[in-house]
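Subject: Structure handover

Hello,

Here is the structure for you to look over. Please open it first, then read my notes below.

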Amino acid sequence: MKQVHHYSHHGRHRNKISFVRRLHLLVVLPVALVLCASVVFGLEFDQRIFTHIPWGLLLLQLTATFLRLFIAYALSVVCAIPLALWTQKSRRAEEFLLPVFDVLESFPMLAFFPVIVIFFIDIGYLNLAAVVMLFITMLWSIVFNLVSGLKAIPRDVFSVAKMFHIGGLRYLLDILFPALFPSFVTGSILAWAGGWNIIIVAEVLHAYVPSGVEVADLFGIGSALVSASTSGDKALFIAAISIIVTAIMLLNFFVWQKLLHFAERFKFE
Amino acid sequence: MNVISFAAVTKSYGKIEVLKGIDFTVRQGFFVVIVGPSGCGKSTLLRIIAGLEKETTGMVSVSDNPSMVFQNSTLLPWRDVSGNIMLGVESKRDVSDSNKNLLVEQSIELMGLTQYTSHFPRELSGGQRQRVGIARAIVGDPSIILFDEPFSALDAETTENLHREILDIWSKKQLTIIMVSHSLDEAIELADIIYVMKDGVIVHKECIGMDRPRNNKDVHTESIKAKLKSFF
């Protein structure tokens with residue numbers, strides 16, 4: 001009898017590192033590095049660090065920031081999927097849209113942020129300024145990853161769908177979305193990375209308004225970090241950084257690593 | 001009775017004319033193999049029969065919805081063997097769910113895949129994947145099946161076994177089969193009629209009257225092969 005190829009369906013690269021070891025590598029180690037760096041930069045550790053830091057408030061600020069990122073991400077996903085599918089509608093659509101997306105993506109968003117902030121001050125929704133900023137930052141990572149994912153689907157897969165009359169919603173749910181899942185995960189990881197990167201800027205609104213205009217920073221871990229820095233509260237600064245690093249690492253560990261692993265089963269060979 | 005007929009069919013992609021006036025017919029229950037060098041238009045011809053491409057000019061008539069087996073099996077990696085085969089009947093509204101399951105089971109059994117029903121494509125060998133591709137093609141009980149170079153990536157032993165099984169299914173189910181191949185040996189072993197294509201036209205039609213199973217090494221086979229080669 002012929003030998004069957006026994007590849008694991010759980011992924012081509014089964015990670016053999018134990019859960020505890022991975023948790024150490026991804027969460028404990030980065031936080032420890034932050035704390036070590038704080039010693040190097042002259043922070044004196046004593047009991048006051050643990051008493052005067054408002055940990056509960058920092059966690060609330062982290063939650064507010066996370067919600068802002070999540071709303072921007074959800075909006076990016078909703079817009080990115082039709083935009084990516086639109087490029088594959090026809091060769092002409094692709095030839096027209098991809099250069100347009102390239103130009104739009106290359107716009108330096110930070111340069112436009114003051115305009116966005118002033119616009120949202122006028123209409124009275126300051127939170128939206130940050131969400132729009134994050135949305136634009138996150139959008140293109142997802143769009144471009146989905147476009148390359150679409151191109152990587154073997155042409156015959158579309159033929160199979162056509163041949164067996166799989167159309168409409170079933171085509172999206174049974175064929176297209178599963179086939180795009182690996183590139184969607186990659187795009188999402190990059191989008192969130194960009195989002196965390198920009199969050200400090202997006203929450204510190206007072207830095208982007210002309211003199212004379214009064215505006216409060218948004219409630220969030222990004223603005224807490226900047227305010228701790230400007231007030232010279234090193235302990236609070238280190239605590240805020242540790243919380244951000246821990247949140248990013250936990251997200252990476254419990255969401256992105258799992259999704260990357262899961263996405264392996266959707267990849268064409 | 002003709003189940004497929006092409007009359008002066010052309011196909012162009014922009015300025016490139018891939019098919020240049022194809023006239024051919026296929027009778028019900030015949031095993032037809034189309035051979036020819038790469039880029040001669042044989043796969044395009046097959047895709048037009050399948051309804052995956054539209055002819056530029058001419059008239060195409062196909063009596064039934066054909067099913068197709070692709071070169072690389074094109075299984076969905078997120079579906080197991082049963083799920084992939086189910087794809088062939090999932091859209092049939094006139095078949096109940098229990099009957100669909102029954103048809104899938106029958107196809108699995110016919111292709112000798114019983115022990116792999118819950119395996120995923122990457123857990124299968126190339127030959128097993130192609131068996132799943134064939135099972136998916138036959139599960140909806142079509143009367144015409146198209147094969148687009150289905151064995152080009154398989155080893156000789158697997159190919160030989162699959163040849164036998166395809167001939168078995170063909171005669172049991174009284175199918176009409178049209179296969180595109182680059183192998184003259186394969187064409188002579190399987191076909192009732194061989195069409196040779198070159199530069200977008202059919203340059204020769206050869207009827208093979210030999211009984212099956214055929215021996216690729218006998219004198220008659222060798223002479224047919226030599227004759228077909230002269231058209232390449």
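This is a predicted model: local features need pLDDT of at least 70, side-chain atom pairs count only at pLDDT 80 or more; totals for chains, interfaces and linings use all residues.

Residues are numbered from 1 along each chain as its sequence is written, chains are lettered from A and ligands numbered from 1 in the order written, and side-chain values use heavy atoms, without hydrogens and water.

The largest pocket holds about 980 Å³ of space. (A pocket is an open set of points on a 1 Å grid over the protein atoms alone, where a 1.4 Å probe fits, with protein on both sides within 12 Å along at least five of seven lines; lining residues have an atom within 4 Å of a point.) Of its 25 lining residues, Q88(A), K89(A), S90(A), R155(A) and F158(A) are closest to the centre. α7(A) gives the largest share of the lining, five residues. (Helices are DSSP runs of H or I, at least four residues; strands are runs of E, at least two.)

**Sheet**

Chain B has an open, antiparallel sheet of three strands, in the order β2-β1-β4. (Strands pair if DSSP finds at least two bridges between them.) β2 (16-27) and β4 (57-62) of chain B each have a single partner strand, so one side of each lacks a neighbour in the sheet. β1(B), residues 2-13, pairs with β4(B) over five bridges.

Best wishes

How values were computed: Grid points are joined across faces, edges and corners, and a volume is the space filled by probe spheres set on the points.
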